[in-house]
Amino acid sequence: MKIFLSSDMEGTAGVVDWAQCRPGQPEYEHYRGLLQAEVNAAIEGARAAGARQFLVNDSHSTMANLRPAELAGNARYLSGRHKPLYMMQGLDSSFDAVFFVSYHGSMSGFPATLSHTYNPAAISEVRLNGVVAGESGINALVALGHGVPVMLVTGDETTARELRPFCPGAQEAVVKSSVSRFSADSLHPHDAREVIRDAARRAVESLTGGAPLPAIELPATLTVRMRNPDLAEMATWVQGVRQDPSDPVTVVITDEDPVRLYRTFVTVVLLTRGIAE
Ligand SMILES: [Zn+2]
């Protein structure tokens with residue numbers, strides 16, 4: 001049994017501020033340790049149910065937040081920047097399940113600690129086939145493209161709720177309850193790890209009955225509301241992206257290939273980073 005684990009950081013129990021999850025900030029060293037322990041809890045839970053191979057794709061900030069030698073389960077570690085498939089780099093059809101660990105709510109989700117959808121300075125809302133999607137829902141496109149079910153999400157309540165329409169079979173490990181964008185009521189880190197370990201074990205156990213792929217109808221449409229019309233116009237420089245004629249801040253991308261759809265979206269994210277404030 002082989003697990004692909006995409007790790008972010010904002011969904012870790014106790015994390016409520018950008019300074020806690022930005023490399024170089026004094027508090028970061030402490031909070032990266034809490035993230036590492038949650039990633040390991042997910043691996044340990046999956047191991048308890050028989051999973052033996054793990055790839056952790058570090059997907060937060062500079063994407064080098066974990067200490068490779070301290071990863072549980074002899075996990076392989078895919079880290080560093082400029083990955084063509086970004087938060088989903090490394091996934092292929094040889095995996096049995098996808099885990100999303102320490103994920104967070106979408107930019108328009110509420111309440112959602114440190115909410116954003118890829119880039120808070122450029123994107124105010126994303127809908128996938130008409131339903132508000134966070135990074136989890138968008139990333140599920142890649143899982144669908146490779147035929148791998150998404151079986152676990154960890155983070156706050158909003159994160160769990162936002163994945164549900166796309167991956168109703170995923171186990172949810174809720175480790176905090178957001179109060180606002182910069183406050184949350186978190187479980188003690190030890191309890192959070194316990195919740196994650198249990199959910200990860202159930203996630204792997206439930207694979208035996210045949211788990212459903214993400215419930216995303218193809219061709220799929222991403223409707224991306226940018227923060228201003230300049231950003232939307234710039235997004236249309238990417239092939240396949242069109243501006244909504246009735247709403248100049250919104251762009252629409254439709255594709256029957258879910259991985260290509262994701263790549264187009266990521267290209268928009270990277271391109272508009274240049275002029276986002
Ligand atoms: Zn992040």
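Histidine 82 is found in the loop between strand S3 (76–78) and S4. Helices (H or I, at least four residues) and strands (E, at least two) are DSSP runs, numbered from the N terminus. The model is predicted: local features need pLDDT of at least 70, side-chain atom pairs count only at pLDDT 80 or more, and totals for chains, interfaces and linings use all residues. Residues are numbered from 1 along each chain as its sequence is written, and side-chain values use heavy atoms, with hydrogens and water left out.

Stay with histidine 82 for a moment. Its phi is near 60°, a positive value in a residue other than glycine. Most residues other than glycine have a negative phi. Histidine 82 is exposed, at 76% relative accessibility. Buried means under 20% relative accessible area, exposed over 50%, and partly exposed in between (1.4 Å probe, protein chains only). Leucine 114 also has a positive phi, near 55°. This leucine lies in the loop between S4 and S5. Leucine 114 is buried, with 0% relative accessibility.

Now the whole chain. The protein has six helices and 12 strands. Its radius of gyration is 17 Å, close to the 19 Å that the globule rule gives for 277 residues, so the protein is as compact as a globular protein of that length. That radius is taken over C-alpha atoms, and the rule is 2.2 Å times the number of residues to the power 0.38. Along the principal axes, the C-alpha atoms fill a box of roughly 50 × 45 × 30 Å. Buried residues make up 54% of the 277. Of the contacts (heavy atoms within 4.5 Å) with a separation of 6 or more, 70% join residues 24 or more positions apart.

What do the aromatic rings do? The structure holds five aromatic pairs. Rings of Phe, Tyr and Trp (its six-membered ring) pair if their centres lie within 6.5 Å; planes under 30 degrees apart count as stacked, over 60 as edge-to-face and the rest as tilted. Phenylalanine 100 and tyrosine 103 are stacked, 4.6 Å centre to centre with 15° between the planes. Phenylalanine 100 is buried at 0% relative accessible area, and tyrosine 103 is buried at 1%. Tyrosine 118 and tyrosine 262 pair edge-to-face, at 6.5 Å and 65°. Tyrosine 118 lies in the loop between strand S4 (97–101) and strand S5 (123–128), and tyrosine 262 in helix H6 (residues 258–272), so this pair ties together parts that are 144 residues apart in sequence. Tyrosine 118 is buried at 7%, and tyrosine 262 at 0%. Tyr86, Tyr118, Tyr262 and Phe265 form one aromatic cluster.

Next, the cis peptide bonds. Most peptide bonds are trans. The bond from phenylalanine 110 to proline 111 is cis, with omega near -10°. Proline 111 lies in the loop between S4 and S5. The bond from leucine 218 to proline 219 is also cis, with omega near -5°.

Leucine 218 lies in the loop between helix H4 (189–205) and strand S10 (220–226). Proline 219 is in the loop between H4 and S10. Leucine 218 is partly exposed, at 38% relative accessibility. Which residues does leucine 218 touch, not counting residues up to four places away in sequence? They are Leu144, Glu256 and Pro258. Valine 179 is 39 residues from leucine 218 along the chain, and their C-alpha atoms are separated by 35 Å.
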